[in-house]
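The structure comes first, and the notes follow by topic.

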Amino acid sequence: METKENSTNIRKLPLIPLRGITVFPYMVLHFDVGREGSISALEDAMVNDQLIFLASQKEADVEDPTPEDFYNVGTISKIKQMLKLPGDTIRVLVEGISRAKITNLVQEKPHFVVEVEEQNNELEIKKTTEIDALMRSVINAFEDYTEVSDKVSPEILVNITEIDMPGRLSDTVASNLVLKPEDRQEILEAFDPQERLETLYRILLQEIDILKIEQKIGNRVKGQINKMQKEHYLREQLKAIQKELGEDEDVVEEIDEYKQKLEKLELSEEINEKVEREINRLMKLSPSSAETGVIRNYIDWILNLPWNEETKDLLDLKKSAKILDEDHYGLKEIKERILEYLAIRQLSKSMKGPILCLVGPPGVGKTSIAKSIARSLNRKFVRMSLGGVRDEAEIRGHRRTYVGAIPGRIISSIKQAGSKNPVFLLDEIDKLAGDFRGDPASALLEVLDPEQNHDFADHYLDVPFNLSKVMFITTANSLGTIPRPLLDRMEVIRVSGYTEEEKLKITQKYLLPKQIKEHGLEPKNIKVSENAIRDVINYYTKESGVRNLERQVANLCRKTAKRIVEEKIKSVSINVNNLKKYLGNKMYRYEMANQKDEVGTVRGLAWTQVGGDTLSIEVTPMKGNGKLVLTGQLGDVMKESAKAGISYIRSKVDEFNIDPDFHKNLDIHIHIPEGAIPKDGPSAGITMATAVISALTNTPVYRDVAMTGEITLRGKVLPIGGLKEKVLAANRAGINKVIIPIDNKRDLKDIPDNIKRKIEFVFAEYMDDVIEHALKRGNKDESN
């Protein structure tokens, strides 16, 4: 390829930075000048030879540019005309002469003056076959550009085809393209004509591709608009026909409203298609048709569900902990679990909602803590009671083929909440039932499975709904009646009963202030002493929770309100001495520790639905023929424990110094008082065995000892449950020493520290350990 050397020339010229404009050689255009520096540069140029250097700013919004704010390559231009406009603005007509590069900044104020190295564009490279091909390609591409762009006049194409110089062709084509400032500058900075042609051709092809896509999109949108206009015209015709037929005009408006709601919801394609089909069916049916109401009801359910609406979690751990503590005293494990969930939510936004099962006796606050959890998370709260639910349709809903079909209570509650991430309480899950209408427990398997509930299918809706963001909390009094597969899907948290100290704090902090407010009293109107509250707890209630305790506190407030109104007094003080006047005689009594060491009487510990209790187990041997008599309404498990204890004793007669034939010559009667109350469970095994050994050896049992544990034929002591409740009962009865299985040592962490300080714990691995600490050997007291 042969070339001529391009001549260069150094000029000193005033400079105007252009905003959003790039000037090419051979290009004639006008622009407005308003900045003081630019006006000063114009005046300087007019005084000399009317030449000015025009360079584009890198950022158009810079009002007061510095040398770093404009490009180094620009165009030397000649000012052809100036016209002053109102507002100190000048309109300038310029013609691009040649491109040039800034070599030195001479002056910045009052306007820029620069030295530029000018390239003489008249000296072009000699045309070769390659350059000819490039020029043809550019012309053909520009012809394609004019076909897809409506911003270029067809006459320009005629002028361009007549240009014979490669550099001028590039500049003329570039000046007629609508390009990004960066692309225009790239072409301007290409001093070599062949390089400029290649750069222009590449950018031109990119622009043609973009314009074709824009044209395609425009045609598609235009088609949609035409379709919408057609539908609108047809709807107007349909309205006119319906009006002539005397049919309801509101149906079409209702369908339009449905379609607008559906579009706003942005549902999945599957759900969208199904709802659209139902809307189209509704449009075709007569308003008087029975099916119209069914379809309308279905569409309303779909469109009113919170598909995309959710509340924002309160992720402030300190604030959430404060809310939980405000509403409930204790319940540390539940509160800790909720705070753990919040901490993980801060780290992972995609975490699924946990499924918790709160298990504990009535009245301990399982339901109310769920409300507090919702408040601490800033979520909506909904509750569904499962007690006595027998029909699977209560969970999954009825199929629409049934008359009066409605969605299940899960979907109904979600709609009621108005959010797809509420705290959802499933109360009394252990009291689910089942019959010929299905098994609701099995239906709940999908609801409570994090791997399945992201597309829960209600029979009525027949479309999937995402339940994965719902925090499900279930409550139960016992795990025994919950099906194993259902239990396996839940994280079980046990809520045991409250200690006397906890009940005292709950009464003082929560129950008494609440009842004072509800009964129209003020704190100064009623004073209840601490000992009086303790007596209410111990002798007027017998429960693990505080439900009846709250009733008795309300009773005190009612009687106080009555006295204040009748006797015109301002304050009432309630103490141990006058408590009977308000609540009557004591309603309950508790077994206390024996007054003296007795033979054949041992204090056992039991767990009940309302907390722990102590049992006095009595044994009397008498002449007979080896009968074992068990009374006190004992269950089968308890009877078997008694027989296992007798068998163990028979294997150890020599060690205990017992007559080897006692099982032939004596009848043994084991009795547990309060015979009207059924009793069962294996944890009285060591207690009954100790009582029998005490009676057969005529050895007293320490009066301040209580025990619990299961016995084996080899004398091993096995672990038991409900240790906390049993220890609390022992403390209430005045017991100083409690014998428990060694494997239950780990459960002592659940016992309050103040109780552990009062009671000595003995950890028994074998019956020998129990006998050593329970029987008063070497100092036998009088027998029965």
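Met384 has Leu426 in S9 as its bridge partner. The model is predicted: local features need pLDDT of at least 70 and side-chain atom pairs count only at pLDDT 80 or more, while totals for chains, interfaces and linings use all residues. Residues are numbered from 1 along each chain as its sequence is written, and side-chain values use heavy atoms, with hydrogens and water left out.

**Parallel sheet**

- Strand S8 and strand S9 (residues 423–427) pair in the parallel sense over five bridges; two strands pair if DSSP finds at least two bridges between them.
- Helices (H or I, at least four residues) and strands (E, at least two) are DSSP runs, numbered from the N terminus.
- The open sheet is formed by five strands with parallel pairing, in the order S8-S9-S12-S7-S13.
- S8 (381–385) and S13 (491–494) are the edge strands, each with a single partner strand, so one side of each has no neighbour in the sheet.
- From one strand to the next, the twist averages 20°.
- Helix H12 (residues 366–377) lies across S7 (355–359), S8, S9 and S12 (471–476), and runs at about 175° to S9.
- Axes are lines fitted to C-alpha atoms, for helices over the stretch in contact, and angles run from 0 to 180 degrees between N-to-C directions.

**Antiparallel pair**

- Strand S2 (residues 28–33) and strand S5 (residues 89–107) pair in the antiparallel sense over six bridges.
- Phe31 stands opposite Val92 in S5.
- The covered face of S2 holds Leu29, Phe31 and Val33, and the uncovered face holds Val28, His30 and Asp32.

**Packing of H17**

- Helix H17 (residues 500–518) and helix H18 (residues 530–539) have axes that come within 10 Å and cross at roughly 120°.
- This makes H17 oblique to H18; angles under 35 degrees count as roughly parallel, over 145 as roughly antiparallel, 65 to 115 as roughly perpendicular and the rest as oblique.
- The H17 and H18 crossing is right-handed; a crossing is left-handed if the near helix is turned anticlockwise from the far one by less than a right angle, and right-handed if clockwise.
- In contact (heavy atoms within 4.5 Å) are Glu500, Glu501, Lys503, Leu504, Thr507 and Gln508 of H17 with Glu530, Ile533, Arg534, Ile537 and Asn538 of H18.
- The axes of H17 and helix H19 (residues 547–567) come within 10 Å and cross at roughly 50°, and the two helices are therefore oblique to each other.
- The crossing of H17 and H19 is right-handed.
- On the H17 side the contact residues are Lys503, Thr507, Leu511, Leu512, Lys514, Gln515 and Ile516, and on the H19 side Leu549, Glu550, Val553, Ala554 and Cys557.

**Packing of H8 and H9**

- Helix H8 (residues 269–284) and helix H9 (residues 290–304) pack at about 150° with axes 10 Å apart, which means that H8 is roughly antiparallel to H9.
- The crossing of H8 and H9 is left-handed.

**Leu177**

- Leu177 sits in the loop between helix H4 (166–175) and helix H5 (181–188).
- Leu177 counts as buried because its relative accessibility is 3%; buried means under 20% relative accessible area, exposed over 50%, partly exposed in between (1.4 Å probe, protein chains only).
- Apart from neighbours within four places in sequence, Leu177 contacts Phe142, Tyr145, Arg184, Leu200 and Leu204.
- The C-alpha atoms of Leu177 and Glu394 are separated by 68 Å, with the two residues 217 apart along the chain.
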